Amino acid sequence: MTKPAPLSGAKALDAFSVPSRSKSGAVSVGSVPHLSGKRIAALSRAREGRWKPGLSDQPLHSEIFASTRDASGAGLALALARDALRFAAGADDPLAEAEDRRQVLWVQDKRAVQRGGRPYLHGLPAELRDRLIHVEAATPEDALFALEEGLKCRDLACVIGEIAGNPRALDFTASRRLSLTAEKHGVALWLVRVEAESDLSSARMRWRVGAEPSEPPLWNAEAPGAPQWRAELFRARSHAPGQWTLNNDNGRLSIRQYPRPANTDAGTDANTEAAGSPDIGHLVRATVGRSLAAVSRV
């Protein structure tokens, strides 16, 4: 039995190429088509959707990393939850059904309560004040148990959690359990990581958030303004990373400002602000060593 001759580089590539289907429906086996860097970048951009409030494809497991110096973590979690519930209930649709009156579960471990305090009933939105179930857990293990049990209850509209630091109990396995439970039962979870580092997690969307100065109110400049946050989406399954200034004016989450490009001069920024048209480019951070598509976008 004769030994087969070795294949050349081009023939070897043809041998392992994927069959392609032509417009007429015929399947042909040929060499892998050449894709330029611009073509790969275009395909990658087509798969990446920009995040914005009111999207229908919000994930069911999100993490928010925040400091204890302000209530930005809990505030953004509540704003994101209200935004998702408003879309799910079809609040903007005049033909929508009755308002969703299911309960909202809020779980905190003991250290989170000590650092940031409990939710203030009269500071909550009016539609949630009589629907909140608050659980204070003694340990992170108890908090994770309460969160998972809450995600199994479809009579809850959503679950908000607060866990301080990086406890050993909140490893990737525990995070994965939360993701699978939320997706199985269709109950969304926003987990606030207080004074924590962004360790390994299966959360579908991960934020870093900090407080931002509020804009002066329209009618009374001395009154407190609507809450604003400087939010960075640094990981998401179906959305590109980016940074925004988010506002919760009139109880609705909105984008107030996009980040300015780092290489623009002061005159360009002043002209852009005067024109009232924020620069929506450069939302994706430069990436190194991820993929050819990522490198071609830089």
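The side chain of Asp 109 reaches the backbone nitrogen of Ala 164 at 3.5 Å. This model is predicted: local features need pLDDT of at least 70, side-chain atom pairs count only at pLDDT 80 or more, and totals for chains, interfaces and linings use all residues. Residues are numbered from 1 along each chain as its sequence is written, and side-chain values use heavy atoms, with hydrogens and water left out.

**Asp 109**
- Asp 109 belongs to strand S4, residues 103-109; strands (E, at least two residues) and helices (H or I, at least four) are DSSP runs numbered from the N terminus.
- Asp 109 is buried, that is, under 20% relative accessible area with a 1.4 Å probe and protein chains only.
- Asp 109 has no salt bridge, and the nearest side chain of opposite charge, Arg 111, is 5.9 Å away; a salt bridge requires a side-chain nitrogen of Lys or Arg within 4 Å of a carboxyl oxygen of Asp or Glu.
- Not counting residues up to four places away in sequence, Asp 109 touches Ala 137, Thr 139, Pro 140, Ala 143, Glu 162, Ile 163 and Ala 164, where contact means heavy atoms within 4.5 Å.

**Thr 181**
- Thr 181 lies in helix H6, residues 172-185.
- Thr 181 counts as buried because its relative accessibility is 9%.
- Leaving aside neighbours within four places in sequence, Thr 181 is in contact with Glu 148, Leu 151 and Lys 152.
- The C-alpha atoms of Thr 181 and Gly 150 are separated by 9.5 Å, although the two residues are 31 residues apart along the chain.

Key:
Buried means under 20% relative accessible area, exposed over 50%, partly exposed in between (1.4 Å probe, protein chains only). Lys and Arg count as positive and Asp and Glu as negative; His and the chain ends are not counted. A polar contact is a pair of N or O atoms within 3.5 Å; within protein, one must be able to donate a hydrogen and the other to accept it, and residues adjacent in sequence count only if both atoms are side-chain atoms.
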